[in-house]
Amino acid sequence: LQMQVPFPFSLLCLQVIKCKAAVMWEANKPFSIEEVEVAPPKAQEIRIKIVATGICRSDDHVITGGLVMPFPIILGHEAAGIVESVGQGVTSFKPGDRVIPLFVPQCGECNNCLSTKGNLCSKNDFSSRAGLMPDGTSRFTCKGKAIHHFLGTSTFTEYTVVHESSVAKIDSAAPLEKVCLIGCGFSTGYGAAVQTAKVEPGSTCVIFGVGGVGLSVVMGCKAAGASRIIAVDINSDKFAKAKELGATDCVNPKDFKKPIHEVLIEMTGHGVDYSFEVIGRTETMVAALACCQYNYGVSVIVGVPPAAQQITFDPMLLFSGRTWKGSVFGGWKSKDSVPKLVADYMNKKFVLDPLITHTLPFTKINEGFDLLRTGK
């Protein structure tokens with residue numbers, strides 16, 4: 001056969017793959033497990049077999065309309081997998097490589113990639129929300145219809161196609177079912193503390209929302225040497241794990257009649273050095289800013305802001321000297337940093353197991369989202 005066909009064996013891989021995917025046909029409906037066709041990777045693209053994927057609140061924001069994206073769509077952006085095939089011109093990846101898809105790409109050419117201060121590559125789909133590959137087309141088809149991509153990753157499928165700027169090669173020995181969290185939740189929270197805020201030893205921090213990302217902020221604050229780490233959540237069931245990972249105090253706003261920022265200022269005497277909003281609510285974003293020390297406090301927005309909502313706040317909160325910052329993917333340059341974070345995990349510099357509450361088969365994805373929405 002090889003003598004008769006003057007093409008390399010890899011050509012046999014570059015066929016359409018039929019596989020299962022969780023398709024979201026319209027907003028506020030359950031995922032539908034469908035057979036989809038996944039096209040071969042085009043030039044500078046990589047097709048990946050997804051081994052493990054995490055469920056993130058940002059996926060749910062698309063379902064509820066808080067993050068506007070085109071439908072139908074295959075969601076998912078926190079995953080790890082194995083390269084199945086590569087498109088023309090791809091030299092830094094080969095079939096069999098262990099990889100993490102990157103919802104924030106790193107093209108290495110735009111202003112943000114070239115700056116030491118930025119990490120939100122201008123080639124990202126977060127800003128345009130086109131739901132397509134960089135060439136303006138989709139690699140997914142279902143029932144004769146093109147299905148949109150999500151943030152250039154789309155990991156709720158057995159196979160996906162990503163641009164080579166949106167994938168990082170990692171240690172082949174890393175457990176994919178754990179390091180998939182480095183694709184979003186862990187890196188986003190941990191980096192917000194150590195990279196964006198640059199928390200200092202001895203400082204006081206407060207984290208609004210201690211789900212997976214918030215817990216990762218707690219871990220980052222502890223790693224940076226913060227002396228007081230206050231976890232704020234309306235679900236007190238989350239406090240035991242927050243304390244396990246480094247929180248020194250836990251506060252439920254429902255236990256107080258006064259605004260939460262006043263409670264926190266009273267607790268600390270003058271406000272906190274660093275605050276993190278990890279929910280995605282405008283009210284808590286303002287509260288997080290207000291509870292900071294009035295002259296040199298730093299507040300970081302980590303949760304995805306809801307679509308079409310505005311923030312109203314007293315400008316004196318900023319005039320007095322506070323700093324208000326945003327953080328996407330923890331401020332990390334994705335392609336450079338993800339392999340290093342995986343190496344740090346392998347060297348036991350941080351843990352990931354406590355962030356994993358349930359492990360479900362892919363077909364139970366709707367049950368997974370129910371667990372997310374009920375705070376479990």
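## Helix H2 and its end

Helix H2 is followed by Gly 65, a residue whose phi is positive, near 90°. The buried positions in H2 are Ser 58, Asp 59, Asp 60, His 61, Val 62 and Ile 63, and what covers them includes helix H13, residues 365-373.

## Strand E4 and its partners

Strand E4, residues 79-86, is mostly covered as well, since 8 of its 8 residues count as buried under the cut-off of under 20% relative accessible area. With strand E3 (residues 45-53), E4 pairs in the antiparallel sense over 7 bridges, and in this pairing Thr 53 stands opposite Ala 79 of E4. With strand E5 (residues 98-101), E4 also pairs in the antiparallel sense, here over 2 bridges, and the bridge partner of Gly 81 in E5 is Val 99.

## The parallel sheet

An open sheet is formed by 6 strands in the order E12-E11-E10-E13-E14-E15, and the pairing is parallel. Strand E12 (249-251) and strand E15 (323-326) stand at the edges, and each has a single partner strand, so one side of each is left without a neighbour in the sheet. From one strand to the next, the twist averages 20°. Strand E11, residues 228-232, pairs with E12 in the parallel sense over 3 bridges, and the bridge partner of Ile 230 in E12 is Asp 249.

Two helices can be described against this sheet. Helix H7 packs on it, touching strand E10 (204-208), E11 and strand E13 (274-277), and the direction of H7 makes about 170° with that of E10. Helix H9, residues 260-268, packs on the sheet too, touching E10, E11 and E12, and the direction of H9 makes about 160° with that of E11.

The side chain of Ser 216 reaches the backbone oxygen of Gly 212 at 2.9 Å. An α-helix has 3.6 residues a turn, so residues three or four places apart point the same way. When its neighbours within four places in sequence are left aside, Ser 216 is in contact with Gly 185, Phe 186, Gly 189, Tyr 190 and Leu 355.

## Cysteines

A search of the whole structure finds 0 disulfides. Cys 107 is accordingly in no disulfide, and the nearest cysteine sulfur, that of Cys 121, is 3.6 Å away. For Cys 110, the closest cysteine sulfur belongs to Cys 113 and is 3.7 Å from its own, which is too far for a bond because a disulfide requires the two sulfur atoms to be within 2.5 Å. Cys 110 also counts as buried, because its relative accessibility is 10%.

## The annotated span

An unreviewed UniProt entry carries the annotation "domain: Enoyl reductase (ER)", which covers residues 26-375. In the predicted model, the end C-alpha atoms of residues 26-375 lie 24 Å apart, and the span is 27% helix and 19% strand.

Definitions and conventions. Residues numbered from 1 in each chain as written. Predicted model: local features only at pLDDT ≥ 70, side-chain atom pairs only at ≥ 80, totals over all residues. Heavy atoms only, no water. Polar contact = N/O pair within 3.5 Å; in protein donor to acceptor, adjacent residues only side chain to side chain. Contact = heavy atoms within 4.5 Å. UniProt positions renumbered as here; feature names shortened; annotations may be inferred. Helix = DSSP H or I, 4+ residues; strand = E, 2+ residues; numbered from the N terminus. Buried < 20%, exposed > 50% of the residue type's maximum accessible area, 1.4 Å probe, protein only. Pairing = 2+ DSSP bridges. Axes fitted to C-alpha atoms, helices over the stretch in contact; angles between N-to-C directions.
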